[in-house]
Structure formats: C-alpha cells, structure tokens
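Subject: Structure handover

Hello,

Here is the structure I promised to pass on. Please open it first, then read my notes below.

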Amino acid sequence: MELPIKNKKVFIHSGAGLSQESGIKTFRDENGLWENHRVEEVATPEAFSLNPDLVYRFYNLRRQQLYQEVKPNTAHQALAQFQKKWQEQVFFCTQNVDDLLERAGCLNVHHMHGELSKMRCLKTHKVFDAPISFTRENQCPCCAEESNLRPHIVWFGEIPFHLDKIQKELLDCDIFLSIGTSNQVYPAASFIQLAKENGAYCIEVNYEPTALSSLYHKSHYGRAGEILSGVLEELTSLL
Ligand code: APR
C-alpha cells in the first residue's frame, strides 16, 4: 500500500478505550452509566450550578483514582516510544482527561475535553494545578475568593479546547490514527471525515467496530494494550 505522504505527519486521536486497561472506566459501558452516574448529573454546566457538591465530589473521586490507583499501560508507553522516534511529526489529541499519556512520557498532548489534574477560576479563567480534592470552600489562588473554582473539564454543551490547532493538524496529517473511541461524541467524531477528505490514510484501533468503522482504511480490533505496539511498528515501517 502506498501512502499519500505529504509531510509525514501522524495525528493520533485517543479516547477512553486507551486508558481502560489502566483501570479507568470507559463512558459507554453497558449499563449506560458513568461511574454510577448519568452524565447529566455530573458532566454539564447545569449540574454544576444545581448540585455543585455532587460535581466536586465526583471529580475528586476521579482525581483520587488517577493519582493513587492507576498508572499508564503498555499502549500509553508504546505511544511515548513512537513519539520519541518521530518527534514533532506526531500530534497528540485526546478526549481523555487523565494524564496517563504524559506519565508515560508523551509531550504536547492536546486535551480537547480538559484535564482532571487542573482547576480553573470561574472569574478570570486562569488555570491552576488541582490538589487531589477541592470544593467550593477552597480559595481561588488568583482572586482569593471561595466558590470560584471549577474542574478544568469540558462538560456537555461546552466548546472543546484547542479546536483551531486540531483542525490545522487534521488538514495537514498524512496518517490519522484513532485509538479507543466509540466515535459518538462530536466534534471528535467528525475528525476522521476531515482527515480523510484531506487525503490522510486513516487507521482505527478499537476493542470492537464502531458506527464509523467503515470510514477507516484499516481497522484493528482488540485491546489497545495488546495490539497497539504492533500497529505502530507497522506504521513505522510505512513512514
Ligand atoms: N482497547 C481498545 N479499545 C477499547 C478498550 C481497550 N482496552 N476498552 C474499550 N475500548 C473501546 C470501546 O469498545 C469503545 O468503543 O473504547 C471505546 C470507548 O468509547 P467511549 O466510552 O464512548 O469513550 P470515548 O469515545 O472516549 O467518549 C468520548 O464522551 O462522555 C464523553 O467527554 C467524554 O471524552 C468522552 C467522550
């Protein structure tokens, strides 16, 4: 197979399936709940204004799990190795709010749905490293007031981060590799179309087929921790 190489750029897009083998639950488990909550209860601006304590508690628990219980898996490590080899030819965009890619050694990861390890001032929009737990009683580092801090997470109905940069990289990439996403949440689910229309060779790594699998040039089904390093090796030989 001859690839339409322009600048040898690889756009790597990941979702919850990448971190599943680290012990973080994916969003669309069979019972339709996320860690025992409906998303509307914990992941919307409305939920935060109606029941902030529940939302703080929910993200504090996610952060405790992230800091104390989980670590990068072999798929995160394979991606870090791949970036070490191909450097700035690799662009990372993730829907995941965990920091497991960074902890595996990946650099310049674009977290389009925010980061669990950060918090933001509601007044000034300044972003800070988050302690393991915070509530509305914590004073904001910039304005020294209570009730001004929120998780630095993109909730449903909010605009994802880094969209301009992401779009530019999608138009520019030669290879689009998607890992562990159900392709159900937009705009992330539209990335494959944009990359493909602009000539990228599109590869999917997922546990099972998704609604958009037929769009990819090649799909690999299985656990990312088990199959991703082989897929990256194959890619390396093509680059
Ligand atoms: N390896 C590869 N794929 C896996 C694995 C694994 N070990 N485990 C699960 N998967 C696949 C599932 O089959 C599923 O298709 O990963 C996908 C995860 O899909 P979702 O749970 O829908 O997660 P994601 O696509 O990242 O969700 C997007 O939705 O709730 C919002 O903001 C949240 O970023 C999230 C967004």
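Start with Arg 38. It counts as partly exposed, because its relative accessibility is 43% and that class lies between buried (under 20% relative accessible area) and exposed (over 50%), taken with a 1.4 Å probe on protein chains only. Its side chain meets that of Glu 41 in a salt bridge, 3.6 Å from N to O. A salt bridge here is a side-chain nitrogen of Lys or Arg within 4 Å of a carboxyl oxygen of Asp or Glu. Glu 41 is also partly exposed, at 28%.

Two notes on the source. This is a predicted model, where local features need pLDDT of at least 70, side-chain atom pairs count only at pLDDT 80 or more, and totals for chains, interfaces and linings use all residues. Residues are numbered from 1 along each chain as its sequence is written, and side-chain values use heavy atoms, leaving out hydrogens and water.

Salt bridges

The count comes to eleven salt bridges. One joins Glu 169 and Lys 9, at 3.6 Å from N to O. This pair links distant parts of the chain, 160 residues apart: Glu 169 sits in helix H7 (residues 163-172), Lys 9 in the segment before strand E1 (10-14). Helices (H or I, at least four residues) and strands (E, at least two) are DSSP runs, numbered from the N terminus. Glu 169 is buried, at 8%. Lys 9 counts as buried too, at 19%.

Glu 169 has another partner, Lys 165, at 2.8 Å from N to O. Both lie in H7, four residues apart, about one turn of the helix. Lys 165 is partly exposed, at 37%. Lys 9, Lys 165, Glu 169 and Asp 172 are linked in a network of salt bridges.

Strand E8

Strand E8 covers residues 201-206. Six of its six residues are buried, so the rest of the structure largely encloses it. Tyr 201, Ile 203 and Val 205 point one way; Cys 202, Glu 204 and Asn 206 point the other.

Which strands run parallel to E8? Strand E7 (residues 175-179) does, joined by five bridges. Strand E9 (residues 218-221) does as well, with four bridges. Two strands pair if DSSP finds at least two bridges between them. Glu 204 is the bridge partner of Ser 178. Ile 203 stands opposite Lys 218 in E9.

Helix H4

Helix H4 (residues 52-68) has 17 residues. Its buried residues include Pro 52, Tyr 56, Phe 58 and Arg 62.

Best wishes

Note on methods: Expected span 1.5 Å × (residues − 1).
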